[in-house]
Amino acid sequence: MLRTIFVVGTLAMIVCPQAHAAGGSAAQVARGKYLVEFGGCNDCHTPGYFFGKPDMTRYLGGSDVGFQMPDKTVVGRNLTPDKETGIGDWTTEQIATAIRSGVRPDGRVLASVMPWAAFSKLTVADVTAIAVYLKTLPAVRHAVPGPFTADQNPPVFTWKITPPVVANGPSAP
């Protein structure tokens with residue numbers, strides 16, 4: 001990441017072109033990066049992570065593992081700014097809305113395996129920082145397959161997620 005450092009007295013200002021292009025400051029990008037790393041976004045959105053060898057050249061470019069739930073199978077989406085296979089056409093506000101509400105710009109609700117309910121507790125400043133950071137990432141062209149209905153056979157390794165069985169049948173998620 002290219003940076004220009006201006007020193008005025010004892011105050012140093014770092015200007016980050018990628019942050020400016022994404023509509024944010026270097027501090028906002030740094031906060032967003034911290035939250036993405038702390039939040040474990042890499043786990044479900046970087047290929048190879050679940051096999052113990054994350055492909056950091058495709059960081060957040062979409063997983064190669066699906067999560068099979070009772071009604072569907074989903075694969076962690078491409079979070080990079082690639083316009084065809086990622087979230088490159090999403091605005092900062094649309095990214096922040098998806099993180100906090102679980103609703104994509106096209107109206108589709110994110111799968112329950114995505115912890116958006118927990119992320120809804122993040123501040124507006126924090127989800128905006130995450131969105132700005134995601135817009136600074138290198139675009140990765142990776143079309144993630146799915147989602148798949150329960151009767152489809154996904155072409156990826158899947159983890160089956162089953163609700164616990166209680167006395168009167170399966171419990172609701």
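Among contacts in this chain (heavy atoms within 4.5 Å) between residues at least 6 apart in sequence, 51% join residues at least 24 apart. Before going on, note that this is a predicted model, where local features need pLDDT of at least 70 and side-chain atom pairs count only at pLDDT 80 or more, while totals for chains, interfaces and linings use all residues. Residues are numbered from 1 along each chain as its sequence is written, and side-chain values use heavy atoms, with hydrogens and water left out.

**The overall layout**

The chain has six helices and eight strands. Here helices (H or I, at least four residues) and strands (E, at least two) are DSSP runs, numbered from the N terminus. Of the 173 residues, 36% count as buried. Buried means under 20% relative accessible area, exposed means over 50%, and partly exposed is in between (1.4 Å probe, protein chains only).

**The sheet**

Four of the strands make an open sheet with the order S5-S4-S3-S6 and mixed pairing. Two strands pair if DSSP finds at least two bridges between them. At the edges sit S5 and S6 (157-160), each pairing on one side only. S3 (residues 65-68) and S6 run parallel and are joined by four bridges. In that pair, Phe67 stands opposite Trp159 of S6.

**Where two helices cross**

Now for H2 and H6: their axes come within 7 Å and cross at roughly 95 degrees. Axes are lines fitted to C-alpha atoms, for helices over the stretch in contact, and angles run from 0 to 180 degrees between N-to-C directions. That makes H2 roughly perpendicular to H6, a label for angles of 65 to 115 degrees (under 35 is roughly parallel, over 145 roughly antiparallel, and the rest oblique). On the H2 side the contact includes Val29, Arg31 and Leu35, and on the H6 side Asp126, Ile130 and Tyr133 are among the residues involved. By class, the contact has eight nonpolar, four polar and three charged residues. Ala, Val, Leu, Ile, Met, Phe, Trp, Tyr, Cys and Pro count as nonpolar, Asp, Glu, Lys and Arg as charged, and the others, Gly among them, as polar.

**Salt bridges**

Side chains of opposite charge can pair when their charged atoms come close. A salt bridge here is a side-chain nitrogen of Lys or Arg within 4 Å of a carboxyl oxygen of Asp or Glu, and by this rule the count comes to seven. Three of them are listed here:

| Salt bridge | Closest N and O atoms |
|---|---|
| Arg31 and Asp126 | 3.0 Å |
| Asp82 and Arg141 | 3.4 Å |
| Glu84 and Arg141 | 2.9 Å |

Arg31 pairs with Asp126, and this links helix H2 (residues 26-38) to helix H6 (residues 124-136), across 95 residues. Arg31 is partly exposed, at 36% relative accessible area, while Asp126 is buried at 14%.

Asp82 pairs with Arg141. Asp82 lies in the loop between S4 (72-75) and H4 (92-101), and Arg141 in the loop between H6 and S5 (148-149), so the pair ties together parts that are 59 residues apart in sequence. Asp82 counts as buried, at 6% relative accessibility, whereas Arg141 counts as exposed, at 55%.

Glu84 also forms a salt bridge with Arg141. Those two residues are 57 apart, with Glu84 in the loop between S4 and H4. Glu84 is exposed, with a relative accessible area of 66%. Through shared partners, salt bridges join Asp82, Glu84 and Arg141 into one network.
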